[in-house]
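Please work through the following exercises with the sequence and the model at hand.

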Amino acid sequence: MKTAVTLLTKDAPQAQEVEVKRPLNRQMIAILDFGSQYSELIARRIRETQVYSEVLPYRTTAEQLRQLNPKGIILSGGPSSVYDAKAPHCDPEIWQLGIPILGVCYGMQLMVQQLGGEVQKSERGEYGKAALHIDDSKSLLADVEDGTTMWMSHGDSVIKMPSGFELLAHTANTPCAAIANHEKKLYGVQFHPEVVHSVGGLSLIRNFVYEICKSEPTWTTDAFVEEAIREIRAKVGEKRVLLALSGGVDSSTLAFLLHKAIGDQLTCVFIDQGFMRKLEPERLVKLFSEQFHIPVEYVNARERFIGALNGVTDPEEKRRIIGHEFIKAFEKTSRELGPFDYLAQGTLYPDVIESADTNVDPKTGERVAVKIKSHHNVGGLPKDLRFKLVEPLRKLFKDEVRKVGHNVGLPLEIVQRQPFPGPGLAIRIIGEVTAERLNILRDADLIVRQEINRNDLYSKYWQAFAVLLPIRSVGVMGDQRTYAYPIVLRIVTSEDGMTADWARVPYDVLEVISNRIVNEVKGVNRVAFDITSKPPGTIEWE
């Protein structure tokens, strides 16, 4: 079933449509997004309980929510203070819906303020891990261990609860860390149960989803694949679809899914923009054509892309140019191969989150979420794009895509492939992209992958790659002075790409990688290891 709701509020003079697609019997939890970078992570945690979730703009009204009929509502965190002049507020009528509501961080503070409680700036903010001391272990905090670690990130605090609310938990710096009005099924937590640092966070979410909202586990991979195939066929009809195949898990899963849905109506095209890793273009075409029997049209556009980036150093400009050239190359190819109505893309939730295109205030045009970076298939697409987009993976996280890939028959070697950015090595070369720097980075990157594989570490890391810096440093080799580039190793662990930690790679492995790079890669005389987590850094350098 497709439920379409038109957004029209006092703060939104122009109507917007919120479209939530789900089968008739699938239950859902609605998440109102107040600009938190973790809003989609809340959705992911709910989906881990096999319950569907969808993120909606904070402006969604009570009436619109009533039409959607969610089993529960979650108010996300956000960067604002409830007392800011432009602070985002939800429709106060949602408290009267009779639907269970959980406010997280800013969402809790907004709940308190709108229901008559008090929030004020704390003398001391609370950021990072904190021990949660439980005052009431029933309902929301059932099975959450007293003293468990929860992740805090707030400068404001609740100093007075609204009428009818009870204290559920506190921390050393936050007297009201969790509160509840059990009668109205309204709950608030000052911490972030959705992040991996919150030890008891998933238990709390499960309590809300199952015990309080009475949801049932209907969100499964089988159900998604069945629904996606049905929607692809309904949308595309008898039209032809052009797929941008990169060989990564996203585009490969999409290729298998589309081929299963529409067969020969799909044409896969690999645009070799010159930013792939060593030997990957050749391997990709051979693998799909000979092993999977899915024909791939190979287009060599290396000179075009590298030429377009001549003199460009700004990472956002790189992404914009690559996205623009990407579409132009596809338009040219589509004209040569025959008319295509649709362009298929493997856009994922994290792409959309970090591009922050999901929550723009229609009145001011400002983004509620802070933009981290645009993605070539989100922020880089031209406004005059003549293709209609097909993006069946747009609401999935990487781990969900891997499950879908396995479901539709994708080989394990691709299902478990580490993420690789759409702009490729162009955003792993800091500053200007040149043929010389690309060759250097390809050789260094190959060594990193070879040693990670040789030591059976590939599956332990979310990503392991090399970055080239646009500077030179002095070195010495064989009594000769060198003046060459440094290579930075970026190796991280993660569950979803939303947060990441630098990997504790064995020293002997790092030693071999370093020695091989400086001895085998001409133009490099120094290797560094990035030990920054996300946040505050991002996984990619650009």
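The exercises below concern nonpolar cores and backbone geometry.

This is a predicted model, in which local features need pLDDT of at least 70, side-chain atom pairs count only at pLDDT 80 or more, and totals for chains, interfaces and linings use all residues. Residues are numbered from 1 along each chain as its sequence is written, and side-chain values use heavy atoms, with hydrogens and water left out.

**Exercise 1.** Identify the residues that touch the most other members of the largest nonpolar core.

Solution. A nonpolar core is a set of buried Ala, Val, Leu, Ile, Met, Phe, Trp, Tyr and Cys residues joined through side-chain atoms within 4.5 Å; buried means under 20% relative accessible area, exposed over 50%, and partly exposed in between (1.4 Å probe, protein chains only). The largest core has 119 residues, of which Ile94, Phe288, Phe330, Ile487 and Ile517 touch the most other members. Helix 6 (residues 249–262) supplies the largest share of this core, eight residues. Helices (H or I, at least four residues) and strands (E, at least two) are DSSP runs, numbered from the N terminus.

**Exercise 2.** Locate lysine 185 and describe its phi.

Solution. Lysine 185 belongs to the loop between strand 11 (178–181) and strand 12 (186–189). Its phi is near 60°, a positive value in a residue other than glycine. Most residues other than glycine have a negative phi. Lysine 185 is partly exposed, at 34% relative accessible area.

**Exercise 3.** Determine whether the peptide bond from lysine 534 to proline 535 is cis or trans.

Solution. This bond is cis, with omega near -15°. Proline 535 is placed in the segment after strand 22 (524–529).
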